[in-house]
Amino acid sequence: MTVSPSILPRSQRKPKGEGYARRAEILAAAERIFVEHGYEGATIRKIADEVGLSSTALYMHFTEKGEILQEICRQAFAALLEMNQAIVAESGGPEERLRRMLRAYIEFGFANPNAYRLIYMTRPVELQHGAPSAAQELGGGLYRSFEAVVEDAEATGLLRGDARTTAQALWAGCHGVVSLIITKPHFDWVDRETLVTALLEGLFAGLLKP
């Protein structure tokens, strides 16, 4: 995902011609602004000011804020999908791959809290803005890559229930711990690794056969 650059004073404008790096800088700033102000409260001017650009200069990279949101989501889903594909290519049985996938998903959420909020905690109406659905298609592909591993576990007799229910229960559990910790940072959480391990072991004990 994008890495937040150092922010320049609003009055300092940067030279042209920085291409890919400038685009990444815009996306990193937009992540923060979308989370802080919401989709409706975020404006092109706010995003441009955050990275030391004029609104006109920002329009050279993105035509409107919906396109920016879609690109943030597209990049996040693409990163997660690539991660899943790499895990599928590794050795090990379905349970081992599931454990690695869920761990990696949780770690991604903690490492990229703003992007995670935007792809999994944004109202659907906001994601309708901008170019439809490269991001949504990637999100669907990401979930299917995970569900396919759950189906492999079902085929080998590992599941207590059906693959569809199991996949949704595993995802819901992992989303719950990520979303709660990143939105409630001041709660008196136990050690994060201890909590994640307890959650995953509980899910696997309840949903998979010994």
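Predicted model: local features only at pLDDT ≥ 70, side-chain atom pairs only at ≥ 80, totals over all residues.

**Entry 1: the overall picture.** I counted 10 helices and 0 strands in the protein chain. Read from the N terminus, the order is α-α-α-α-α-α-α-α-α-α. Of the 210 residues, 41% are buried. I then looked at contacts with a separation of 6 or more, and 72% of them join residues 24 or more positions apart. The accessible surface came to about 10,900 Å², with 55% of it on carbon and sulfur atoms.

**Entry 2: aromatic rings.** I found 9 aromatic pairs. I picked out Tyr120 and Trp171, which are edge-to-face at 5.9 Å centre to centre, with 65 degrees between the planes. Tyr120 sits in helix H6 (residues 113–120) and Trp171 in helix H9 (residues 163–183), so this pair ties together parts that are 51 residues apart in sequence. Trp171 itself is partly exposed, at a relative accessible area of 32%. Both rings belong to one aromatic cluster, along with Phe77, Tyr105, Tyr116, Tyr143 and Phe146.

**Entry 3: charges over rings.** I looked next for charged groups over ring faces. Lys65 lies over the face of Tyr39, 4.5 Å from the ring centre.

**Entry 4: salt bridges.** My tally here was 9 salt bridges. Which parts does the bridge between Arg32 and Glu50 tie together? The two side chains meet at 3.3 Å, N to O. Arg32 is in helix H1 (residues 19–41) and Glu50 in helix H2 (residues 44–50), so the bridge ties together parts 18 residues apart in sequence. Arg32 is partly exposed at 21% relative accessibility, and Glu50 is partly exposed with a relative accessible area of 21%.

I then turned to bridges inside a helix. Arg74 and Glu71 form one, with their closest N and O atoms 2.9 Å apart. They are 3 residues apart in helix H4 (residues 65–89), about one helical turn. Is Glu71 buried or exposed? Glu71 counts as buried at 12% relative accessibility, because the cut-off for buried is under 20%. Arg74, at 30%, counts as partly exposed.

Glu95 and Arg99 also meet in a salt bridge, at 3.2 Å, N to O. Both lie in helix H5 (residues 94–111), 4 residues apart. Last, I noted a network of salt bridges that links Glu90, Glu96 and Arg100.

How values were computed:
Residues numbered from 1 in each chain as written. Heavy atoms only, no water. Helix = DSSP H or I, 4+ residues; strand = E, 2+ residues; numbered from the N terminus. Buried < 20%, exposed > 50% of the residue type's maximum accessible area, 1.4 Å probe, protein only. Contact = heavy atoms within 4.5 Å. Areas by Shrake-Rupley, 256 points an atom, 1.4 Å probe, with all protein chains shown as cover. Phe/Tyr/Trp six-rings, centres within 6.5 Å; stacked < 30°, edge-to-face > 60°. Lys NZ or Arg CZ within 6 Å of the ring centre and 35° of its normal. Salt bridge = Lys/Arg side-chain N within 4 Å of Asp/Glu carboxyl O.
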